[in-house]
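Biologist: Here is a model to read together. Please walk me through a few of its features.

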Amino acid sequence: INQLIIRERDRSTLISEACRLLVANRGYRAAMIILINEEGGPESWAMQGIASDSSELAEMLEQGTLPSCCGHVPAEEGVLLVENRKTVCKSCPIADMCADSQSLCAELAHEGKSFGYLAAAAEKHLDVDSDEKNLFRETAEDFAYAVNVMNIENARKKFESEHEKLQSQLLQAQKMESVGRLAGGVAHDFNNMLSVITGYAELAVNEIPQENPLHSDLQEILNAARRSADITRQLLAFARQQAISPEVLDLNETVENMMKMLRRLIGEDIDLSWNPSPGLWCVRMDPSQLDQILANLCVNARDAIKDVGRITMETSNITFDEEYCSDHPGFKPGEYVLLAVSDNGRGMDRETSDKIFEPFFTTKEVGKGTGLGLAMIYGIVKQNNGFINVYSEVGRGTTFRIYLPRHEGDLQHSKVPAAKDVPRAGGETVLLVEDEPAILKLAGTILKRLGYKVLQTSSPIEAVSLAKEHTGEIDLLITDVVMPDMNGRDLAERLLTGYPEMKILYMSGYTSNAIAHHGVLDEGVNFLQKPFSSRDLGIRVRRALDS
């Protein structure tokens with residue numbers, strides 16, 4: 001037994017081999033070792049001899065009940081020698097088998113903690129004296145010591161494994177954060193240039209007749225600029241630096257409204273199945289972000305399917321408790337609405353699925369993907385305090401599960417209709433403040449062509465002076481968010497003291513805490529995301545003035 005304890009490091013093997021040795025070498029008719037859990041119920045066990053033939057005993061242990069002899073072990077001596085079977089063994093399934101044997105039971109105890117029980121059926125002729133009891137007790141103590149050491153070793157290994165896992169998650173989070181900062185900075189600077197390209201190309205297109213060859217050339221420039229703007233929006237979404245205007249939504253209703261568009265997006269060869277769960281909780285997020293999530297997931301699923309296949313979308317309510325989240329890294333306790341998108345495409349291996357949320361990582365051919373779609377989804381979900389889980393098997397398909405926090409509130413619907421034509425000015429005066437000279441010149445030109453009276457400057461300090469010197473009303477302040485000397489919010493607050501009726505329109509390539517909290521706009525804040533077109537600027541200016 002001692003040699004077994006020294007060499008064996010697996011609990012199941014230890015107790016199974018120990019029972020075999022006790023029957024084969026000690027001469028017991030039956031031997032049983034039961035290890036208990038923290039609640040005192042049977043956790044694992046091993047049986048040899050006549051006890052191993054009892055399916056009733058195994059069933060009793062599986063149901064969480066210990067043999068009655070375990071509850072009669074005396075605390076003083078530590079070993080029970082059953083002398084009155086009718087009292088002790090009446091409910092034991094193997095009582096009749098052991099009727100012509102002597103039964104012993106001892107607790108596996110070490111340093112005041114119980115780990116289980118050792119029970120045996122000895123031959124009638126064996127003299128169970130004090131020496132025999134001491135030997136039996138010492139054997140039980142040796143097992144208890146061995147189990148305790150194994151528990152400590154297993155706990156250490158589990159701690160080291162969890163530590164390595166957390167370390168890996170931390171490194172991944174730091175990497176994603178660093179890439180996000182870089183992506184956000186690049187997108188901000190790029191957006192400024194795209195605004196200039198888009199704006200002037202639009203102005204030129206409007207001045208040139210359609211039959212002129214230059215018109216189609218300029219239109220191609222515009223198309224390329226808009227595609228580039230989509231990429232920067234994806235970068236900002238990943239970096240969680242895009243401005244959002246959340247609404248309380250019913251996911252079922254929102255997805256239902258997108259079904260026609262999604263079916264056109266994936267084509268006729270792929271079956272799109274929609275399984276909404278009744279009684280779905282509400283969520284609070286920007287509807288355009290949900291559109292981005294569904295469009296990207298469906299396009300990815302379509303590309304993963306060869307020829308014909310199926311994409312399934314479903315929703316449900318789900319609640320995670322502390323215990324579940326402790327065993328599933330990345331999950332957070334609370335009530336969530338689940339949005340799941342599954343396909344039966346080619347699937348991914350573990351190495352690929354570990355990288356899919358990294359920006360610019362793609363398995364598609366050159367020219368067929370930017371590698372930003374899933375990175376954008378990751379950023380959107382994180383920005384809305386949710387989390388995302390992916391499960392995939394090669395040849396079997398992929399499932400994305402997005403968990404969005406439940407929101408207690410009434411449904412909201414956008415009340416602002418989309419403008420078909422760019423509205424013109426009604427005699428209003430606009431103060432334009434932008435530290436990028438090219439955008440300042442462009443925006444000023446667009447506003448003047450729309451009929452607005454424009455005061456413009458690249459300095460917020462100079463803007464304060466312009467406002468003081470101006471003799472009439474200033475109806476609208478259009479200001480960049482991040483500028484040297486003073487941010488857009490502080491500038492607006494200073495100017496509102498002199499022009500309390502003045503409306504504010506912020507614009508930026510990325511959000512700032514000056515106007516948004518973690519990228520979420522306060523209700524009533526007017527915001528124009530760069531890059532913008534002349535049409536975007538005209539519509540936003542009119543909405544801000546009329547709000």
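Modeller: Two strands pair if DSSP finds at least two bridges between them. Helices (H or I, at least four residues) and strands (E, at least two) are DSSP runs, numbered from the N terminus. This is a predicted model: local features need pLDDT of at least 70, side-chain atom pairs need 80 or more, and totals for chains, interfaces and linings use all residues. Residues count from 1 along each chain as its sequence is written, and side-chain values use heavy atoms, without hydrogens or water.

Biologist: Which residue in E5 stands opposite Leu-35?

Modeller: Strand E1 (residues 30-36) pairs with E5 in the antiparallel sense, over 6 bridges. Opposite Leu-35 stands Gly-116.

Biologist: Which residue in E5 stands opposite Leu-104?

Modeller: Strand E4 (residues 101-110) also pairs with E5 in the antiparallel sense, over 10 bridges. E4 and E5 form a hairpin with 2 residues between them. Opposite Leu-104 stands Ala-120.

Biologist: How many residues of strand E5 are buried?

Modeller: Buried means under 20% relative accessible area, exposed over 50%, and partly exposed in between (1.4 Å probe, protein chains only). Strand E5 spans residues 113-123 and is mostly covered. Of its 11 residues, the buried ones number 8.

Biologist: Is Gln-289 buried or exposed?

Modeller: Gln-289 lies in helix H8 (residues 287-304). Its relative accessible area is 1%, so Gln-289 is buried.

Biologist: What side chain does the side chain of Gln-289 join in a polar contact?

Modeller: A polar contact is a pair of N or O atoms within 3.5 Å; within protein, one must be able to donate a hydrogen and the other to accept it, and residues adjacent in sequence count only if both atoms are side-chain atoms. Here the contact is 3.0 Å, and the partner is Asn-384.
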